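I opened my notebook to go through this structure piece by piece. Here is what I looked up, in order.

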Amino acid sequence: MSRSLAVVPHLVRMYVRTRLEYRGAMLLAWFAQALSYAATYTAIALLLLRFGNLGGWTWSEMALLLSFHLLAYSLGASLSFTQFRDIEEKVRLGTLDAVLIKPVSPWVYLVFSGLNIGYAGHIILAVGLMAWAVTEVAVDWSILTALYFVAGLLSAAMVTAAIMTMIGATALVWVRSKHLFSIFFGFWELARYPLNIFPVPLQILMLTIAPLGFLAFVPVAVTLGRPVPLLGDWAALTSLLAGPLAVTLGALHWRHCIQNYQGAGG
Amino acid sequence: MRAASYPAFALTAFQSRLVYRNQVWASAFGDLVSIFARIAILTAAFAGAAQVDGITLPEMVTYALLSGPLLYWEYSRVLYDVGDAVRTGDVAVFLLKPLHYPSYLLSTHSGHFAFECVAIVVPVALIVGFTVGLLPPASLFHGLMFFPYWAVSWLILFILACLCGLLAFWLLTAFSLEWFLMAIMSLFSGAIIPLWFLPTPLATLFGYLPFAWISYYPAAVYLGKLDVTATWLHLGIGLFWLTVLSAAVLALWAKARHRLIVQGG
Amino acid sequence: MAIIAASSVEKIFRQPKRQSGFGGALRSLFSREHTEVRAVDGISFAIEGGEAAGYLGPNGAGKSTMIKMMTGILVPSSGTVEVLGREPHSNRITNAAEIGVVFGQRSQLWWDLPVRDSFDLNRHIYDIPASRFADNLARLTSMLDMAGYIDRPVRQLSLGQRMRAEIAMALLHDPKILFLDEPTIGLDVVAKDVVRKFLAEVNRERGTTIILTTHDLVDIEEICPRLIMVDDGKLLFDGELRHLRTALGSRRRLKLEFGTDPGAITLKTAQLVTDEGLAKHFLLESQQTSILDVLTELGSGHDLKDVKLEEPNIEEVIRTFYQNKPALAGARP
């Protein structure tokens with residue numbers, strides 16, 4: 001493992017240099033993606049302008065939720081999304097074999113040889129929106145709330161990376177797993193709204209097997225002092241535990257799938 | 001190539017999708033989750049009000065289904081098809097074949113769309129209809145007029161996707177263009193927020209841009225929110241936009257083709 | 001001591017059955033049947049340190065699957081594989097540090113970056129001491145004539161240049177065993193020759209054990225004294241290439257040329273295959289039969305001008321071997 005970690009900076013440097021070969025396209029993509037999120041948020045803002053609030057959440061609270069959602073997702077996804085979305089193709093073409101013959105952890109190799117700096121556009125937008133929202137919402141910021149907020153963010157990023165890892169790992173056994181990302185993004189879209197507006201079965205789903213409720217709603221609701229359905233007083237603790245728990249499960253699943261890797265067959 | 005062979009492309013595209021059964025189930029499930037989410041969001045927004053701006057909640061549920069899964073279909077497949085073909089020069093292969101590339105694209109992607117309708121939209125609509133309830137068209141006239149609006153909507157989105165795909169020929173990346181188009185769609189097409197909930201100046205402006213014909217107008221016509229005169233008038237404007245955009249695509253295609261031939265692919 | 005030992009190795013894949021036609025495709029939305037493919041079917045062999053062995057077989061014979069089991073990528077369905085005294089799969093990382101692997105059709109180089117950068121990354125991945133890395137890099141660069149392109153991005157290289165770089169990269173950490181999966185596939189004649197000569201030298205000079213898969217017999221002739229031949233997942237032959245003819249019972253061809261047409265000739269020691277009048281072609285059924293035996297039987301007085309004995313072409317031997325394999329499968333050495 002120590003050798004794996006020592007390789008990380010070298011892998012990242014190689015990948016960044018590769019991306020910089022096409023820096024024009026990368027900058028354009030940063031801008032296009034940020035613009036697209038900004039447009040969606042504008043539409044949501046306009047909806048709130050007309051209706052006043054959504055499930056009791058005002059626009060500035062929604063802005064905090066949206067920015068948290070985007071930031072936590074981008075941090076986790078830069079470690080995982082493209083890497084594990086493309087694993088299906090790596091299995092099919094056999095390029096994954098070339099990773100498995102290296103004396104380093106294949107997870108570390110895959111994640112850091114593709115550490116996606118393409119999320120910079122997301123992150124800039126999310127940080128900007130968050131900076132505005134934290135001053136607008138009615139929260140008495142203290143060291144403790146700030147610490148909770150940051151820890152919740154990291155935990156949420158861990159949830160993202162762990163789920164992506166699990167979906168990607170599935171391709172090692174099933175060959176195909178890309179379709180599972182469609183399901184992920186279905187729930188991911190819900191995760192940017194207050195959980196209390198959804199029917200109870202969906203709330204249960206979002207806090208258990210599709211734990212994207214922890215991606216933004218739970219930590220932001222705790223920070224804002226708003227009630228969290230189902231979890232109640234446990235919300236703060238569970239939101240901090242969700243990340244490490246997801247990572248543990250993800251690691252076990254990854255290990256299991258690597259053990260049962262079948263290649264593309266033949 | 002005989003015109004009769006184009007429907008065959010559509011059928012092939014339709015059939016090719018059956019192979020990816022997991023993709024079908026997952027997409028249907030993803031769409032189902034997202035439509036129920038939109039219904040929940042609208043229910044929360046209405047917060048018990050009988051109507052807002054003259055629109056009832058059941059009307060909004062129907063609007064959400066029409067404007068989302070049905071009218072705002074998965075256009076990125078078209079965009080990448082065109083984008084990759086022109087960027088890599090593979091399109092030259094099509095120029096060698098005795099077929100009309102735009103017609104080929106149109107028939108192939110109508111096959112994909114038909115598949116998505118049958119496998120995803122119809123089941124999702126049935127589930128929503130039985131659980132939450134969907135409204136019939138406001139009148140026979142509006143019901144019938146929905147079809148030409150639907151055709152215009154489909155073609156405008158198809159043309160816009162082709163347009164962005166073709167731009168990849170000069171920008172060398174289709175990825176950013178997909179996101180630009182997504183940005184435009186989420187604000188201007190009415191897929192997330194219908195124009196009647198917007199402040200008047202914005203609603204007026206967006207109402208004249210071609211994007212509103214993708215989700216907003218067809219759904220509004222179905223719900224009877226446009227009177228007979230306005231329905232005909234806006235169909236005319238939609239057709240005008242369709243003509244303008246088609247001309248733009250054909251001009252761009254001619255330019256790209258010229259460059260391809262001059263450069264030898 | 002054997003550094004690679006495979007015993008009764010089997011690998012079975014489950015593959016979804018494709019149903020034909022529209023109805024079949026529609027049905028497969030709801031249910032899917034599987035077929036079992038036996039890619040490797042009861043193979044055993046042992047390879048000593050310093051050997052060079054070629055794994056030969058047509059496409060789909062299970063060659064790559066065997067390499068993947070020896071490199072720890074796949075687990076055998078049954079039987080055991082041991083590499084350097086370890087089970088490769090459960091000791092994948094330790095095993096990986098001591099072997100080098102080249103995939104002919106899948107590059108391990110970073111496409112957009114200079115070759116040197118990929119090499120340098122391997123220095124960190126394999127934790128190669130700086131001085132040893134510098135020595136190896138210098139030696140491999142000169143042996144494989146890479147100086148001209150080592151600082152160019154991989155995407156600008158020819159296939160031959162790239163393959164040389166791939167092989168060099170796999171050797172930078174001085175692996176004990178070098179596995180190559182179809183290393184000459186797609187290369188032109190000159191590039192193939194360079195690769196073959198280099199691999200033979202590495203095996204001879206540095207004692208690196210080489211296992212390569214190929215469907216090109218020349219690879220075996222020039223690099224590997226030992227041949228392992230497989231088809232349909234089964235072992236057909238394991239031994240030295242020059243023993244293959246004997247093992248396959250292939251027949252030599254004898255051509256007799258006469259000054260005047262002697263008419264029909266029938267012999268016990270050789271079988272007539274074509275009769276062109278002045279020239280007659282015979283096949284020698286037995287390895288023990290010598291030309292002398294034939295000439296003795298033929299006797300004198302036939303105005304015999306010339307005698308030519310042809311060893312069978314090895315490619316041809318193997319082709320007939322595969323064509324007749326149902327009959328021969330039981331008769332493996």
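Predicted model: local features only at pLDDT ≥ 70, side-chain atom pairs only at ≥ 80, totals over all residues.

I began with the UniProt record: its unreviewed entry marks "transmembrane region" at residues 27-51, 63-82, 107-134, 146-175, 196-222 and 234-252 of chain A.

Residues are numbered from 1 along each chain as its sequence is written, while chains are lettered from A and ligands numbered from 1 in the order in which they are written.

Next I checked two of those spans. Residues 107-134 of chain A are 75% helix and 0% strand, with end C-alpha atoms 35 Å apart. For residues 234-252 of chain A I got 95% helix, 0% strand and 26 Å between the end C-alpha atoms. (Helices, H or I, at least four residues, and strands, E, at least two, are DSSP runs numbered from the N terminus.)

Then I looked at where chain B meets chain A. I found 28 residues of chain B in contact with 32 residues of chain A (contact: C-beta atoms, placed from the backbone, within 7 Å). On the chain B side, α2 (21-46) and α8 are the elements that give two or more residues. α2(B) gives the most, with 14 residues.

Last, I looked up B:Asp53. It sits in the loop between β1 (51-52) and β2 (55-56) of chain B, and its phi is positive, near 55 degrees, though it isn't glycine.

Methods: UniProt positions renumbered as here; feature names shortened; annotations may be inferred. Contact = placed C-beta atoms within 7 Å.
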